[in-house]
Amino acid sequence: MSSVTRPRREADFSRFPSSTPIVIDNGASTFRIGWAGETEPRAAFRNVVQRPRHRSTGETVSIVGDTDPALVKYFDCTRSAVRSPFDDDVVYQFEYMEYILDYGFDRLGANSEVGHPILMTECECNPSFSRARMAELLFETYGVPSIAFGIDNAFSYKYNQKLGNCGEDGLAISCEYGTCHVVPFLKGQPVLGACCRTNVGGFHITDFLRQLLSLKYPYHTANFTWEKAEELKKEHCYIALDYMSELQIFKNNKEEAEEKTRYWQLPWVPPPKEEPPSEEELARKAALKEKAGQRLREMAAAKRSQKIVELEKQLSYLEGLMDQLDEADESEATAILGRSGYLSQQEIKSAISKATQSLRKAKGETNGNEDKAEVSAADKYPLVSVPDEELTPDQLKEKKKQVLLKTTTEGKLRAKQKRAEEEALREKLEEQRRAENPELYLEELRARYSELSEKFEQRKRQKVNGGQTNGNHGSSGGVGRGERLNAAQKERMRLLASAAFDRGKGEDTFGMRDEDWLVYNKMSKDNDDDGNDDDESELVRIASKLQEIDPTFVSKSEAVQLTPEPPKVRPLTAEDYRIAIGIERFRCPEVLFQPGMIGIDQAGIDEMVSISLRRLMEDESVKQRLCQSILVTGGSSLFPGMIPRLESGIRQYRPYRSPLKLVRAADPIIDAWRGAAAFAASSKFAKQTFSLADYREHGENLFHRYNIVYSL
């Protein structure tokens with residue numbers, strides 16, 4: 001961490017006598033500390049604390065003020081939030097306040113004990129418990145001899161009174177970081193009973209701006225940090241004289257709105273342009289592809305060689321087994337078949353035939369139509385031709401299965417041949433009708449196509465919606481699965497259920513009789529009389545005929561529009577990284593006058609002046625005198641347009657043609673510390689402090705009646 005330098009520590013702390021007071025402006029935004037009588041504070045930093053962990057050691061450290069970018073890389077700041085000791089300008093978290101005071105006194109040059117009187121600013125009507133805890137912290141931790149608390153607005157008003165900006169009687173409007181206050185002054189002293197406060201300040205403006213930009217540009221939320229939002233607020237925000245009129249400008253007048261819009265360009269790097277691959281790159285890719293193909297071919301050849309070896313071994317074993325069976329008598333043949341797992345010599349011959357064909361196929365040999373010839377019935381059903389006397393009980397069961405399968409297969413082949421003959425005959429008849437009357441033939445095809453299409457769509461609707469088949473197709477009520485089945489499907493389910501029920505009654509004797517196997521024919525889906533596949537194939541055939549005759553015909557399946565492809569992602573440009581700040585420039589500071597915009601049901605700062613004057617139990621002449629000396633101070637008073645807007649707003653609550661004068665403080669940010677430093681350097685300051693003995697004698701009751709007399 002040699003590259004990280006600590007902030008400069010003052011070296012002249014020991015030169016000041018112990019009677020010289022230390023002045024602290026303890027603002028919710030900035031902490032300022034310096035010596036009485038000086039015009040500038042010695043140190044000023046953000047009044048926040050962060051406690052991250054060191055990345056290498058894991059030790060927790062305290063970082064006070066703004067985070068140094070050179071320091072962040074050594075610490076994990078992602079798990080520690082920035083903490084403030086303030087809540088609405090009142091100190092509540094004294095643990096964080098101690099870290100801040102430690103850092104402030106260290107910057108000033110103090111060592112173990114401070115040993116100087118302290119003048120610390122606070123907000124109006126600061127609670128007694130907060131004063132007591134702060135006094136206890138200063139007395140017991142830092143060993144200060146005496147303390148004085150004063151209102152920051154009062155010090156700023158007295159300092160500007162000395163400069164001639166305001167009179168002895170007047171109003172102080174303070175627009176601070178977390179709150180806004182209005183304090184009336186009579187004969188140079190604040191009238192705290194008539195002051196007014198609202199919990200809206202610069203913090204809420206910054207937070208509102210950050211939220212609006214995050215909603216407007218959700219893809220750049222990470223760029224809208226608190227520090228950047230604060231910077232944008234100070235550079236670009238202003239207060240509109242008439243909020244609604246300003247909104248209308250951005251709504252209707254594009255040219256003027258464009259002039260008032262500011263832009264913030266985020267870092268953007270143009271994507272690299274894709275250049276066509278060079279000849280060398282194409283040659284390299286082709287070589288890689290060829291190499292990969294060669295490797296795949298070698299793997300396939302090795303696999304084929306291994307399969308050939310296995311098939312040759314199997315074929316050799318089967319041929320040897322047949323030689324043994326030829327040489328053996330009947331009893332030895334039965335034993336050999338039992339050991340080999342085959343039921344008969346016919347089954348072994350069928351296995352030899354299959355192995356021979358597989359071997360020829362693996363070697364790439366062809367022999368005319370021999371490879372395409374189907375396996376003969378004798379090889380496929382070897383037990384059918386064997387007499388029952390020569391078969392064992394297990395072989396008899398297998399023979400019955402083969403007989404059933406052979407009969408079913410032959411029946412399917414005959415049915416297929418019959419359908420082919422019928423199809424050929426139908427094609428011939430249709431060609432004759434087409435030749436005789438083409439127009440009538442085309443009309444019949446279209447009618448048949450419409451009928452089948454409607455039937456097909458109706459069946460699809462029944463499957464999806466559960467429609468009944470009793471003709472009431474318009475009913476929307478759902479039905480069970482049983483009501484959607486046809487007769488063949490219901491019979492198939494009945495057979496399955498009865499077969500499962502019979503199996504649980506006793507010994508399983510299914511298959512002992514030949515008629516038991518006929519149940520598979522009854523349950524076969526091929527016997528389904530629904531004709532779904534036939535209708536669909538017929539629909540396709542008629543559609544192809546119509547397209548052949550009428551080129552303009554479009555089938556319903558082709559007419560269905562496909563779902564459009566989602567649009568391709570547009571490449572990002574520099575325009576996508578440009579943040580436009582238009583209406584946000586005056587909308588965010590407007591919360592000072594309309595806190596309801598961010599959900600705070602309190603009065604705006606212009607209305608607060610009227611409330612404060614009503615609380616002041618004086619006649620109208622005194623109130624007029626106060627309104628002729630209104631000082632606007634605080635960091636949020638620096639917004640352009642603040643004074644005209646305040647004057648316009650206050651006039652709405654004052655009598656007609658009532659005199660009114662507003663003036664901004666000489667330096668709204670630092671005048672409070674300068675006024676406090678001038679007050680601490682005066683001879684009357686010592687009489688306004690209280691010591692540790694006074695605190696121990698009176699306790700917290702001391703602060704109920706403690707108020708200093710402000711003088712210059």
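Two strands pair if DSSP finds at least two bridges between them. Helices (H or I, at least four residues) and strands (E, at least two) are DSSP runs, numbered from the N terminus. This is a predicted model, in which local features need pLDDT of at least 70 and side-chain atom pairs count only at pLDDT 80 or more, while totals for chains, interfaces and linings use all residues. Residues are numbered from 1 along each chain as its sequence is written, and side-chain values use heavy atoms, with hydrogens and water left out.

**Stop 1: strand E18**

Select residues 630–633, which form strand E18. Strand E12 (residues 170–175) runs parallel to E18 and is joined to it by four bridges; here Ser174 stands opposite Thr633. E18 also pairs with strand E19 (residues 662–664), again in the parallel sense, over three bridges. In that pairing Leu631 has Val663 as its bridge partner.

In a regular strand the side chains alternate between the two faces of the sheet. Ile630 and Val632 lie on one side of E18, Leu631 and Thr633 on the other, and all are buried (under 20% relative accessible area; exposed is over 50%, partly exposed in between; 1.4 Å probe, protein chains only).

**Stop 2: the open sheet**

Select E3, E2, E1, E10, E11 and E20; in that order these six strands form an open sheet with mixed pairing. Its edge strands, E3 (43–46) and E20 (690–691), each pair on one side only. E20 runs antiparallel to E11 (residues 146–151), with two bridges between them, and Ser146 has Ser691 as its bridge partner.

Helix H4 (residues 152–163) lies across E1, E10 and E11, at about 75° to E11. Axes are lines fitted to C-alpha atoms, for helices over the stretch in contact (heavy atoms within 4.5 Å), and angles run from 0 to 180 degrees between N-to-C directions.

**Stop 3: helices H5 and H6**

Select residues 202–216 (H5) and 226–236 (H6), whose axes are 9 Å apart at an angle of about 105°. The two helices are therefore roughly perpendicular to each other (65 to 115 degrees). Among the residues in contact are Phe203 and Leu209 of H5 and Trp226 and Leu232 of H6.

**Stop 4: Ser128**

Finish at Ser128 in helix H3 (residues 128–142). Is Ser128 buried or exposed? Ser128 counts as buried, because its relative accessibility is 14%. Leaving aside residues up to four places away in sequence, Ser128 touches Glu700, Phe703 and His704.

Notes: Parallel < 35°, antiparallel > 145°, perpendicular 65-115°, else oblique.
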